[in-house]
Amino acid sequence: MSEREPAFVIVTGMSGAGRSTAAKALEDLGWFVIDNLPPGLLFAMAEEAGKVKLAADKVAAVVDVRSLAFTTDLNAAIRELDGRGVAVRVVFLEASDEELVRRFENVRRPHPLQGDGRLVDGITRERGILRDVRANADLVIDTSNLNVHELRGKIVAFFGGEDRAGLRVNVVSFGFKYGLPVDADLVVDCRFLPNPHWVPELRPMNGLDTPVRDYVLGQAGAKELLDAYEEVVGIIAAGYTREGKSYATLAVGCTGGKHRSVAMAEQIAARLRDRGGMDVQVSHRDVGRE
């Protein structure tokens, strides 16, 4: 291997969740990407990349569940890469069962593990096989509510500036009535704050509007929550960095994901940027959904 090991990313996850889109986005960013690579060949690929400095030391492999003994092979390959000094990161793409069914039905293709059973049987089997891989992934992206352009945007946000230092944090607001973001590492609940929805002049606005922001931040407990959460995230971020975790998703929720969570997510992101040492992005999953 060369003196400077290449950045090595493994893209995996549920069939139909967007692995090909993620791989194409990495290619467009200048990464050398190989698709459908058996886990047993990961180290050989990393070794060759180190010898010839492929794609400016940015190498990615797409690995799917069709490889025999997938989880054992992949976990063993990751341990081998890590043991030989290759900095490897695992990106796991997933989506809800309902969304995966819709996508497979739209393209009229069977699930690779469906066999003679139903489409949902193949999805359930695959989810079980990949459970440990997902649990150990560095970055989990839920694509249930993302189109191809939005998924590409997330990949660019995470990998478009590999020279940036520090933990990469995505602060996402959401509505509990639409479900928790499944890729969240931490969740904060803002439903204890009075809801601007019940203030007639504020109801049409969202948390990005100044009147809503001022209303939310002026409520009892809002500042205290921000102060406490900032400190907690600082402690956790330091621990993530020590453990080699590069990405974290902080989910901030209220009932509908329109007012309180949006305002508080913006404030949390601003405070984390001011602390330094983190590359912070903010997004609002459910604004405009109602």
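Thr249 counts as buried in this predicted model, at 3% relative accessibility. The place of Thr249 is in strand 8, which runs over residues 247-254. Beyond its neighbours within four places in sequence, Thr249 is in contact with Asn170, Val172, Asp183, Ala184, Asp185 and Leu186.

Asn170 lies in strand 6, residues 167-175. Its relative accessible area is 7%. Buried means under 20%, so Asn170 is buried. Neighbours within four places in sequence are again left aside. Asn170 is then in contact with Lys154, Phe158, Ala248, Thr249, Leu250, Gln281, Val282 and Ser283.

Helix 1 comes next. This helix covers residues 19-28. Arg19, Ala22, Ala23, Ala25 and Leu26 are buried there. Seen down the axis of helix 1, these buried residues fall within an arc of 160°, so they line one face of the helix. An α-helix has 3.6 residues a turn, so residues three or four places apart point the same way.

Ala23 is one of the buried residues of helix 1. Its relative accessibility is 8%, so Ala23 counts as buried. Ala23 touches Val33 and Val62, when residues up to four places away in sequence are not counted. Ala23 and Asn106 are 83 residues apart in sequence. In space, their C-alpha atoms are 21 Å apart. Just after helix 1 comes Gly30, with a positive phi of about 95°.

Val63 sits in the loop between strand 3 (58-62) and helix 3 (70-83). Is Val63 buried or exposed? At 0% relative accessibility, Val63 counts as buried. Val63 and Asn206 are 143 residues apart in sequence and 40 Å apart in space, taken from C-alpha to C-alpha.

Arg108 also belongs to a loop, the one between helix 4 (97-107) and helix 5 (119-129). At 78% relative accessibility, Arg108 counts as exposed. Its backbone is also worth a look. Most residues other than glycine have a negative phi. Arg108 has a positive phi of about 55° although it is not a glycine.

Helix 4 and helix 5 meet at an angle of about 125°, and their axes are 10 Å apart. That angle makes helix 4 oblique to helix 5. The crossing of the two helices is right-handed. On the side of helix 4, the contact involves Asp97, Leu100, Val101, Phe104 and Glu105. On the side of helix 5, it involves Leu119, Val120, Ile123 and Arg127. By class, the contact has 6 nonpolar, no polar and 3 charged residues.

Two packed helices are described by the angle between their axes and the distance between the axes. Helix 8 (residues 210-217) packs with helix 10 at an angle of about 80°, with the axes 9 Å apart. Helix 8 and helix 10 are therefore roughly perpendicular to each other. In helix 8, Arg213, Val216 and Leu217 make the contact. They meet Arg260, Ala263, Met264 and Gln267 in helix 10. The contact of helix 8 with helix 10 has 4 nonpolar, 1 polar and 2 charged residues.

The other partner is helix 9. Helix 9 (residues 222-242) and helix 10 (residues 260-275) pack at an angle of about 45°. Their axes are 10 Å apart. How do helix 9 and helix 10 lie, and which angle class applies? They are oblique to each other. Their crossing is right-handed. Helix 9 contributes Ala222, Lys223, Leu225, Leu226, Asp227, Tyr229, Glu230, Glu231, Val233 and Gly234 to the contact. Helix 10 contributes Met264, Gln267, Ile268, Arg271, Leu272 and Arg275. By class, these residues divide into 8 nonpolar, 2 polar and 6 charged.

Definitions and conventions: Residues numbered from 1 in each chain as written. Predicted model: local features only at pLDDT ≥ 70, side-chain atom pairs only at ≥ 80, totals over all residues. Heavy atoms only, no water. Buried < 20%, exposed > 50% of the residue type's maximum accessible area, 1.4 Å probe, protein only. Helix = DSSP H or I, 4+ residues; strand = E, 2+ residues; numbered from the N terminus. Arc of directions from axis to C-beta. Axes fitted to C-alpha atoms, helices over the stretch in contact; angles between N-to-C directions. Parallel < 35°, antiparallel > 145°, perpendicular 65-115°, else oblique. Left-handed = near helix turned anticlockwise from the far one by under 90°. Contact = heavy atoms within 4.5 Å. Nonpolar A, V, L, I, M, F, W, Y, C, P; charged D, E, K, R; others polar.
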